[in-house]
Amino acid sequence: MSRGRGAATRGSPAEEGAARPLRGDPRPPPEAPAAPREAPGVPLAARPPRRPWDFGYAPVATAAGDDDGGPLDVVVAARCPVAPDAVAAALSARWPEVQVERVLERAPLFWLRVRSPSHGRRAEVAAALWAAAIPVRYVASALRPSAAVAPGFVAATHAAARPDRWPTRRASPGDDPETPGRWFLRAEDGGLGVDRRRCGRGAGMRLGVIDDDARAADELGLDHEVLVTLEHPPRSQAHGVFMVAWAVGSLLPGGFRGVAPEASPRLYLIPKPGSSVLALPLAIVQAVSDGADVVVCATYIEGSTTPMLDDAIEFAARLGRRGRGCPIVFPTGREASSPPESLHASFSLGLGEPASDPRVFCVGPSARGEGWFLWRDRRGRSRPFANRGPAVRWLAPGDDLSCPLPSAPGAGTASERLYHAESSGASALAAGVLLLVLSQNPALRLPELDGLITRTLAPVPPAAPASAAPFADPWDVLPDARDRDGHNAKHGYGRIDAGRACLAAGDPIALALLFIGEDDAARAWHDARATRPLARGLYSRRLARWAVRALLADPSLCHGVCALARHARLTASDPRRRRAHGAGAVLRQLSILVRGLAGSRPAPAPPRRVRGELTALLDRLERSTSDAAAVEAIEAQFSVFSYVVFAEPAAPRARDE
């Protein structure tokens, strides 16, 4: 389900070519020719060849005209708390019927809404307030979007968000049902690769879902439902309920299990698009202030960019999650237009849209199997279900997913229905994965989380798979190549892999093994740490989590650990190779790496207990270098672990082959 767009069941009219919207967009995907056609007056032979990164990059125009100078309806952002009466007094001489209400007071954000039937300009409002010694950061329209950037605020002096009144969920034991529609959890078919034994269930995490409709919300067992600038909850469609359920699931007995079933969700309901641009930033600030670890908004928000949204995203990035930064997930959406003098639909994400903000995670939908999510019309031709663009970050499954609402009371998995989740569902699944990763390492800061997810992605071939042919228009699946950094406008950097990301989040050796492409070895090391006392005793979980952050921050240190992992791979099943490097070589490398961890400047400062553990570990290693027996014991231990990680997992594979 794209934002404000429809999810369709398998076998429904959408699959036959006429989209059945779950949420009311009356416009079907545009018809397009089967092959490029000549634009008026420009012969194809006279055009330069298309570059591999190029596509019809012309988004739908969503920005409404500026309302400056009309009846007054503005947001005044102050630098400190200001009484509404003081603002009204400062403006009443120019606008006698002015009304002022406080809409947000959460340091460092102080917003008041100012309305009057009399006309006025925002600059006049700001000037009148300054004349009254009221410190104004900016004045912005409460109704219309704006590309203006809010003046920065100082976050260091303000309290970070903490989940003081948001309880966590109880344990959710049991296995995930094995049904066709729950392929998105599995490693095969292009799923997320959720491995409960190693990924967990998101215990202790909190998810804020922002949406504009929530029919059947009582099916979820929500912690809380928060109305933002609304008096009554909208109950027309189940879009918001689907987002919560796919990401987390239902707490009710026998309810749907999402990606992170032990995370605690709250639903923040905002008005339908078009009435105000204020509700979305208010909902983000509210969710982050309440203590959300992840926020996802998959409803229609195109044309909602404002200085208030800039403030809200900055607030989440700098003060969310106790100051570590709260990730915000937006979908790519699905908006079709044709550039001038073109007969091709562009399906482009505008650079000025909220999902293009570099501080949020923009997620597109992937197909079951491989590639970008495409749907077939009544003629059997493939068409897109999502926007493309430079800001697309990651893909997550958006093809037919299991419907999280039962078809009837007490209906089991045998009555499963499938829904096209589109970019909305993909963003909900991505939010669930972020919850799993943060539950493995809650100390991760926002840039560290971004780097970890990006470096553990599953690559997506840039060209459309042959199985998707024929295409309604070959231009729909452009571009057909990656940039040097691995980015493609359809796929971003690749598809989220929850199994890899969770392994990497909790252990530095697992992270290094994953970085060099040894997924089986990373799983073997994780299991050795869980089951073998000798491996578990090497370092604490506290040190492991901090060391992951250090490796993400320090490329040289990360290279050193990866080099040692490659050495272990080369020597795991050949003692002669190990002996050829001489006694003490491994111990020397270990000592240098631990010293590097302890003194790394790019790495975050280690907590007191981690610093003490590093000091003790380094002291032991350095003292061992002058003791031949200790050298032999440590290097023999390294050889055993190398064999456990690389040789033992390879033996069953060799027998199977």
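Reply: Axes are lines fitted to C-alpha atoms, for helices over the stretch in contact, and angles run from 0 to 180 degrees between N-to-C directions. Helices (H or I, at least four residues) and strands (E, at least two) are DSSP runs, numbered from the N terminus. The model is predicted: local features need pLDDT of at least 70, side-chain atom pairs count only at pLDDT 80 or more, and totals for chains, interfaces and linings use all residues. Residues are numbered from 1 along each chain as its sequence is written, and side-chain values use heavy atoms, with hydrogens and water left out.

Me: Why is H10 called oblique to H11?

Reply: Helix H10 (residues 498-506) packs against helix H11 (residues 508-515) at an angle of about 140°, their axes being 5 Å apart. H10 is therefore oblique to H11, since angles under 35 degrees count as roughly parallel, over 145 as roughly antiparallel, 65 to 115 as roughly perpendicular and the rest as oblique.

Me: Which residues make the contact of H10 and H11, and how do they divide by class?

Reply: Arg500, Leu503 and Ala504 of H10 meet Ala510, Leu511 and Leu514 of H11, contact meaning heavy atoms within 4.5 Å. The division is five nonpolar, no polar and one charged, where Ala, Val, Leu, Ile, Met, Phe, Trp, Tyr, Cys and Pro count as nonpolar, Asp, Glu, Lys and Arg as charged, and the others, Gly among them, as polar.

Me: What class make-up has the contact of H5 with H8?

Reply: His239, Met243, Trp246 and Ala247 in H5 touch Ser424, Gly425, Ala428, Leu429 and Gly432 in H8. This contact has five nonpolar, four polar and no charged residues.

Me: Is aspartate 293 buried or exposed?

Reply: Aspartate 293 has a relative accessible area of 11% and is therefore buried, as buried means under 20%, exposed over 50% and partly exposed in between (1.4 Å probe, protein chains only). Aspartate 293 is found in the loop between helix H6 (279-290) and strand E8 (294-297). Among the residues it touches are Arg206, Arg321 and Leu435.

Me: What makes E2 and E4 stand at the edges of their sheet?

Reply: Four strands form an open antiparallel sheet in the order E2-E3-E1-E4. Strand E2 (99-106) and strand E4 (136-141) each have a single partner strand, so one side of each is left without a neighbour in the sheet.

Me: How many bridges join E1 to E4?

Reply: Strand E1 (residues 71-78) is joined to E4 by five bridges; two strands pair if DSSP finds at least two bridges between them.

Note on methods. Lists of a residue's contacts leave out its neighbours within four places in sequence.
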